[in-house]
Structure formats: structure tokens, C-alpha cells
Amino acid sequence: MAGDASDSGVPRAKSARWIELAAAINSARTAYYQHDKPTLSDDEYDSYFRELLTLELDWPQLQSGDSPTLSVGGRSSEMFNPVEHLQRMYSLDNAFTSDELAGWLSRVERGINQVPEFLCELKIDGLAVDAVYVDGQLHSLATRGDGRVGEDVTYNAHFIPAIPAALRPPKKGSMPSLLEVRGEVFLPIATFSQINEEQLAQGLSPYANPRNAAAGTLRQRVDRRQDELRLAEQSPTTGERGVAKIARLRAELDLSISRLSGLGLTVHGIGVVEGFEITRQSQGYEFLKALGLPVSNLARVENSVEGVREFIDYFGEHRHDVEHEIDGVVIKVDDLSLQVQLGETARAPRWAIAYKYPPEVVRTRLLDIQVNVGRTGRVTPFAVMEPVKVAGSTVSMATLHNAFEVERKGVLIGDMVFLRKAGDVIPEVLGPVVEVRDGSERPFVMPTKCPACGAKLGPATEGDKDYRCPNARSCPAQLRERLSHVASRGALDIEGLGEKAAYALLDCGIVEDEGDLFSLAEADLLTCEFFRREPAKGEDGPQLTENAKSMWAQVQSAKVRPLWRVLVALSIRHVGPTAAQSLARAFGSIDAIAAADVTELAEVDGVGEKIAVSVHEWFREPWHQMVITKWRAGGVQLVEQVAESRSAELAGLVVVITGSLAGYTRDSAAAAVTGRGGKVAGSVSAKTSLVVAGENAGSKFDKAVALGIPVVGPAGFAALLEKGLDAALTTIK
């Protein structure tokens, strides 16, 4: 055996590690390919596989005929009949770094004595399949299996619209008598999220990625479900239990078919073919497209190494712009004769490689669930995990949203969990790996008291899923979060006033709350160790650090920020930049917004009743009014800057704009009205003066007609802006 060190001369530790790695990889392959329940994340599997390769390179004696490095990986299960592929399906070697990619490119160039043209395409996170067409009709669809024999899933293909049952006759040339193509069955991202919701609702592990979900969806025995339902319906015994069983079987069958119908397919390879010839892989894709097979429109031929790297870099930044998940880029030599010249290894072609992006879904241990108190009092559970590298950064914490979400996902403290981090998105726990639980896990219990101030926690309103700390004014956690938020980029954008500086201002007693921020003097900062430094030679006493000086100057500059930024900085629940800009345009000052009733606020385009109620209630709170008073005294501009220079041509008019207007965006059209003293509302009511209907006007047009409110088109809108309401009304025919 390859692990026998006494005969081979391999150190026993190396031999033992080889056995351990091979067993782990083979076990993971069985779980993945036959049960659609991975026990390792992609990153863990790749790490084990690369370590095994390195061991075998250092100690060739270890490699035996059954080594995982010499096989493709999957085996067909006993659920489906076996199908032998007409031509072997290979796996791909991977490159994880720029240097590894450079090594492969160099080997290709040496192997053919030239720099070839490369076909670059996205590596879809799906399930590899092999489809065979005979005289244009689908003959079989099979999973890859071990590369030679796969599973027959042809029956299920009939429920997948993305897989043509018959090819389209080409405009040029004839229909091939035999065509074997390889592709990737995948789940669109939106469908994947929906399926995981269903998994969690049933108390099952979520799928780690769309590939596993696609595999689980495709590898269903729909035929058996249909037979079972048919037998139940034909059974002579009925009754309540029989009716319930039929209903359950029918629901299960409907769900299976519904999931199958949501699968997509992208063809990315050609096996055995009879009836046409091609010389380049990209040329083959054009022919397959002509036959009605789905090929990617994002594949591109590059004639230089620089072009290949640009393609990789571009989709590394835009990997979430496509409908399906991708985990890398596949680079192939485009010329088929050069592919033959380069050949294959035991498991992979030498003429192709997969450049893998950093993984976005990994497994890690959930060590604890703690809570964080936010600026509006919302108490949010978050996961504390064993640090793990995902999407290029090391993560040790992830959001869990609320106690209901913790329960819905079924995660327990101590669980092994799937963790997802897509680009700049906040890390999220997808769900537990139920299969590896050992009984030591324990449930999370939401605290009943605020961890920062001790106030009793609970929902703010009936039906609210979020727990909140009611001590909004003086809870230390809320104070810190609100003060940090004032300085955030989406609010007043005060550089230098980060989390640590905000905490220092409060801890040193320089400010009691966010209201005191704009009354700060530089001397106040000197009282806090965080903001001062020891005097240099010749200086008289402690001095402010350069960061502190810069922060103070930024605070002064922030006093003249636009009104919408002031609104965001006030931490009014539900008010973000979009709603704040609409309110600032419609009312022009903080006092006008404070004086408005809920109906007036809700009529503002982009606001609505929920935000209107929140704004109205915020301004009714006395200590909120004190914050406004302090900011006013500190010199903060509380009036929209353009309000003083706007004309009053449309003063008193309430205008609703629906549909698209040539030459205007939604915001610029609204600004044109408010800039002339008018008000733009989001809904039609008895108070509406005029409705402007552009292209594709919706229900607002119908409501205006029903209420007898005048409606004008683009010409009327131009007249309104130029000459006023009377001129606009003359355009009505």
C-alpha cells in the first residue's frame, strides 16, 4: 500500500497524512456527489486536495492507482441507471494565485512553442452534465459521475425548459446526426435563495452553494414520485388519511417539478460529434447557439496573456452582475488542434485551467451568539465564529438580524455553519450543517435586559420582530452608535470622527449626546487623553494631535452640509438618503418638516405612510427637539441651501409625476417643480393640483381621472415649468 513507510522509505508521518487526506477527500466526494450534502466547504476541499498533490510530488511513492489525484471524483449512485459517456469528461486543474496562473500559461506556451488564443469563460457554480442528441432529438442527459459513467437523469430533463428536447435546424449546414455536449446546470441566484428558505423551513441544512442546490434539484426521482401518487390515487381505500396522503404526494411532486423548471443550462464543451467539423472551440459555440443550445454570451477570445488577466480581473469585480453564481474563470486554448497537441493528464486537460476566485461560502464553528444595540435601539444578535478566510478577508463575526431569524435558520451555539460573504456584503450565516452535530450544541436565548444599560427589552410595537432598548436618550450603546452615525459617509461625512473618537467624546464627558457635537471648542478636546499628545520641546503644555485638529475642522465644515444629510444624521428610523432627499426638496427646512402632519409627509414622493409616521413621531419627542435646538445654536444649517434662491411660480401647487419624461430623471423632474416653489407628492389625492403623465404612466393616471384632477403630458410639463399652471392646462385636449 502507498502508505507503508517501512517499504517505501516515506516518513511515517507523511504516509499517515496521505491516508488521512485521501480518506477525507473520498468521504467528501461521496457526500457531495451521491448525497448532495457536502461535509467540507469548497475551500477546505481545495486545501486538502492541494496538500495531497504536494505530498505526492514530494514523495511519488505515495501515489497509487486509487489516489484521489488520479480520478475525476464523482461516482454514480444507485438511485439512477448508469450512463457511459461517449467521450470521457475530465475535471479541471485549478489556479488560485497569479503565480499559479502564470505557471500554467508558461507550460502551455512551452508545450506548443507559441502564445495561442485563449477562450475565456465564466466558471459557473453548477452541476456538470453530459447531453447527447441523436438526429436533433435529446437522447440522454447524465451527470458527470466519475467522468466515464454518470447517472441517467433524462426523465427529469423534460421538466427543464432550458434543456432543448429538440435542436433547431441550422440555417447553414445540416443537423448533426450525433452530438454530445457538456454543460453546467445551475440555479439562478434568486431561485437558490428561495430554495434555501424552503430547506430551513423544513428544519434541513441549507445548501452551501447553488451548485449543491442544482445537484439536489436535478437528482430527484420524479418518476418514482409520479408512480407513488398514481398508486395512491388508484387505491380502493380512501378516507381522511388517504386524502391527506394524496395531498402530500401531490404537493411534493409539484414542488419537485417547480424546482426543476427553475434550473438553467449553459453549454461549454463538445464531446463526440458526427455531421459537422470545427477547428476552434469558440467556433463550436457559435454552431451550438445556432442549434438552439444555450451558450454564454460572456465568453471571449483573448490573444494575449494581458487580455486573459483583464478578463479575470473584470469578472472578479463584477461576479455578482450575472444571473448565476460564479467561482472563477475557465481559460482554454481555443484552437482544437493545439488542444490535441497539449493532451491530458489522468484527470484533467493540459489545455484548460480554472482560475478560482476567493471562496464566498465556507464552513466554520459558531462559538457564541451575542447581541449588539444599534443607534435606534434595535437589539441585533450576531454570530461569533472561529476566524475563517472568505471572499479575500478574515471574518470572525456575522449578522443574524433578529431572534426570529436565529430560530428560522435553526442555528445552535456550537454548530458548524455555512458562512457567506459576497464582496463587500456583510457576512451572513446561511445555516447549520445539521449532519455533523454531536449533541453538545445549545440554543440561543435572547436577553431580556439591555446589555449596555439594563433596560427591559421587547418589541416596540405588536408584531415587531425586532427587540429594542427603550432607553433611547441615555443608553450608552445607542449614544455611541448615534454619534458615530452622525459622522458616517451617508450622513454628515465627518472625516476623523470614527467609532473610537466618538466613544472617547462620550467616555471623557466632552459631549452628553449628539446634540453637543457642534458646540465643541478645541480646548474641550484637550481634556481627553485620546485627543491630546505630550508637548514637544518649546511647546507650552499638551497639544491636540493632528488627527484631533483635523476632526475638529471637519466638524465645523459639516455645519453647512445639505439639509438631506442633516436629516439622515438625526437617526430617524427608516429615513435613509433617498427619503431624506425627497423630504428636503418638498419642505425646504427642518422646521417645515417638523410642522407637517402625517398625511402631508406621506404625500411626498418616495416617503409613504411608514416613513411619514416615523418622522412625525420623531419630531414629537422633546429630547429630539433639544438636539435640533443645540445644532441650531451650534451653527448647523437647517434650511435647504437652494430654498432661498428658488422662485415661487408654483407655490401652493401639489404635483404628482408618473411615468417617464424625456430629458428628465425622476429626481430631476421633481427638483424642477420644487425649485419653482411647488411640492411633489408620491400619490394622487384630493389635494393634488396636477398630474404629469409621461410614458408608461401607471395607476396614478387612472386615479387622477377618477377624481377629476387635470392630467397633462410632457408638453404640459414644459409649459408648467416655463409659464405656470394656467399655461399647462391649455395643453389638455
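A crossing of two helices is called left-handed if the near helix is turned anticlockwise from the far one by less than a right angle. In this predicted model, the crossing of helices H8 and H9 is left-handed. H8 spans residues 222-234 and H9 residues 240-261; the two pack with their axes 10 Å apart, at an angle of about 155°. Because angles over 145 degrees count as roughly antiparallel, H8 is roughly antiparallel to H9. On the H8 side the contact includes Val222, Leu229 and Ala232, together with Arg225 and Glu228, while H9 contributes residues including Ile246, Leu249, Leu253 and Arg250. By class, the residues of this contact comprise eight nonpolar, five charged and two polar.

Leu122 is buried, since its relative accessible area is 9% and the limit for burial is under 20%. Among the residues that Leu122 touches are Leu298, Val322 and Ile326, as well as Phe311 and Phe315.

Ring pairs join Phe311, Tyr314 and Phe315 into a cluster.

The whole structure contains nine aromatic pairs. In one of them, Phe311 and Phe315 have ring centres 4.9 Å apart and planes at 50°, so the pair is tilted.

Technical notes:
Residues numbered from 1 in each chain as written. Predicted model: local features only at pLDDT ≥ 70, side-chain atom pairs only at ≥ 80, totals over all residues. Heavy atoms only, no water. Buried < 20%, exposed > 50% of the residue type's maximum accessible area, 1.4 Å probe, protein only. Contact = heavy atoms within 4.5 Å. Axes fitted to C-alpha atoms, helices over the stretch in contact; angles between N-to-C directions. Helix = DSSP H or I, 4+ residues; strand = E, 2+ residues; numbered from the N terminus. Parallel < 35°, antiparallel > 145°, perpendicular 65-115°, else oblique. Nonpolar A, V, L, I, M, F, W, Y, C, P; charged D, E, K, R; others polar. Phe/Tyr/Trp six-rings, centres within 6.5 Å; stacked < 30°, edge-to-face > 60°. Lists of a residue's contacts leave out its neighbours within four places in sequence.
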